[in-house]
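User: Hi! Could you walk me through this one? I'd like to start with the terms you use.

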Amino acid sequence: TTIATSLALSIAKAGSRVLLIDADVRRPQVAASLGIATPEHGIAEVATSKIDLASALVSTGTPLDLLLVAVTAKGIDIFSRGQFSDLIEKARKKYDVIVIDTPPVLAVSDATVIGREADHVVFITRWRRTSRFAAKAAVEALKASEAPLSGVVLNAVDLKKQSLYADSDPLAFYGAYKAYYANEE
């Protein structure tokens, strides 16, 4: 959620019209991470055509709009029946970039189904928290679903601890160059 939110904010600050979608209907985090109240209507209501996209958007006062999860959306399957695909097609007409925050790939099938609708998928894994086995299985699941995997982000790396692990790792030399990047006063 932090990476998706930061990416969406950065692209919006660069001048593009951006839609950030919280597609984790079981454990939505985007609203809380931005300090926004849970909306009355959200992604499920738009995907099931109960309301139109414009009525569910939360404006941030910047080129970034949000499509969040309403309280009523928990436990609703909106991804496997083509409803989400229709929602994305509508959003593409209005926005330059759509960033989608999904649940973990291995937890539920939502992320692999959503990934098929994307132009690019960035897999994010947490350093020293996600096992190599789990990360590999998640990447394989994305590939099997034909999601267009464009990159991987290793999140929350502790560079000091990482530099202790292996001399063959380029990050192992980070400490030697630390002073080079420090601000001179």
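Analyst: Happy to! Buried means under 20% relative accessible area, exposed over 50%, and partly exposed in between, with a 1.4 Å probe and protein chains only. Helices (H or I, at least four residues) and strands (E, at least two) are DSSP runs, numbered from the N terminus. This is a predicted model, where local features need pLDDT of at least 70 and side-chain atom pairs count only at pLDDT 80 or more, while totals for chains, interfaces and linings use all residues. Residues are numbered from 1 along each chain as its sequence is written, and side-chain values use heavy atoms, with hydrogens and water left out.

User: Great. Is strand β1 mostly covered or open?

Analyst: Mostly covered: five of the five residues in β1 (residues 18-22) are buried. Val-18, Leu-20 and Asp-22 point one way from the strand, Leu-19 and Ile-21 point the other way, and all are buried.

User: Which sheet is that, and what's the strand order?

Analyst: An open sheet of four strands, ordered β2-β3-β1-β4, with mixed pairing. Two strands pair here if DSSP finds at least two bridges between them. The edge strands are β2 (58-59) and β4, each of which pairs on one side only.

User: And how does β1 pair with β3?

Analyst: β1 and β3 (residues 64-67) run in the parallel sense over four bridges. Val-18 has Leu-64 as its bridge partner in β3, and Leu-19 stands opposite Asp-65.

User: What about β4?

Analyst: Also in the parallel sense with β1: β4 (residues 97-101) is joined to β1 over five bridges. There, Asp-22 has Asp-101 as its bridge partner.

User: Back to Asp-22, then. Why does that one count as buried?

Analyst: Asp-22 counts as buried because its relative accessibility is 1%.

User: What does the side chain of Asp-22 reach?

Analyst: Some backbone nitrogens, as polar contacts. For those I take a pair of N or O atoms within 3.5 Å; within protein, one must be able to donate a hydrogen and the other to accept it, and residues adjacent in sequence count only if both atoms are side-chain atoms. The Asp-22 side chain reaches the backbone nitrogen of Asp-24 at 3.1 Å. A polar atom of that side chain also lies 3.0 Å from the backbone nitrogen of Val-30.

User: Which residues are in contact with Asp-22, leaving aside neighbours within four places in sequence?

Analyst: Contact means heavy atoms within 4.5 Å. With those neighbours set aside, the residues in contact with Asp-22 include Pro-28, Gln-29, Ala-31, Ile-43, Leu-68 and Asp-101.

User: How about Ile-21, buried or exposed?

Analyst: Ile-21 is buried, with a relative accessible area of 0%. Leaving aside neighbours within four places in sequence, Ile-21 is in contact with residues including Ile-43, Leu-67, Leu-87, Ile-88 and Ile-98. The C-alpha atoms of Ile-21 and Ile-88 are separated by 9.9 Å, although the two are 67 residues apart along the chain.

User: Switching topic: why is helix α6 described as largely enclosed?

Analyst: Because six of the eight residues of α6 (residues 110-117) are buried, so the rest of the structure largely encloses this helix. The buried ones are Asp-110, Ala-111, Thr-112, Val-113, Ile-114 and Gly-115. Their cover includes α5 (83-92), β4, β5 (121-126) and α7 (132-144).

User: Now pockets! What volume does the largest one have?

Analyst: About 1,600 Å³ for the largest pocket. On a 1 Å grid over the protein atoms alone, a pocket is an open set of points where a 1.4 Å probe fits, with protein on both sides within 12 Å along at least five of seven lines; lining residues have an atom within 4 Å of a point. Grid points are joined across faces, edges and corners, and the volume is the space filled by probe spheres set on the points.

User: Which element gives the most to that lining?

Analyst: β5, with six residues of the largest pocket's lining.

User: And the second largest pocket: what's its volume?

Analyst: The second largest pocket comes in at about 240 Å³. It is lined by 10 residues, with Trp-127, Arg-128, Thr-130, Arg-132 and Leu-154 nearest its centre.

User: How accessible is Leu-154?

Analyst: Leu-154, in strand β6, counts as partly exposed at 49% relative accessibility.
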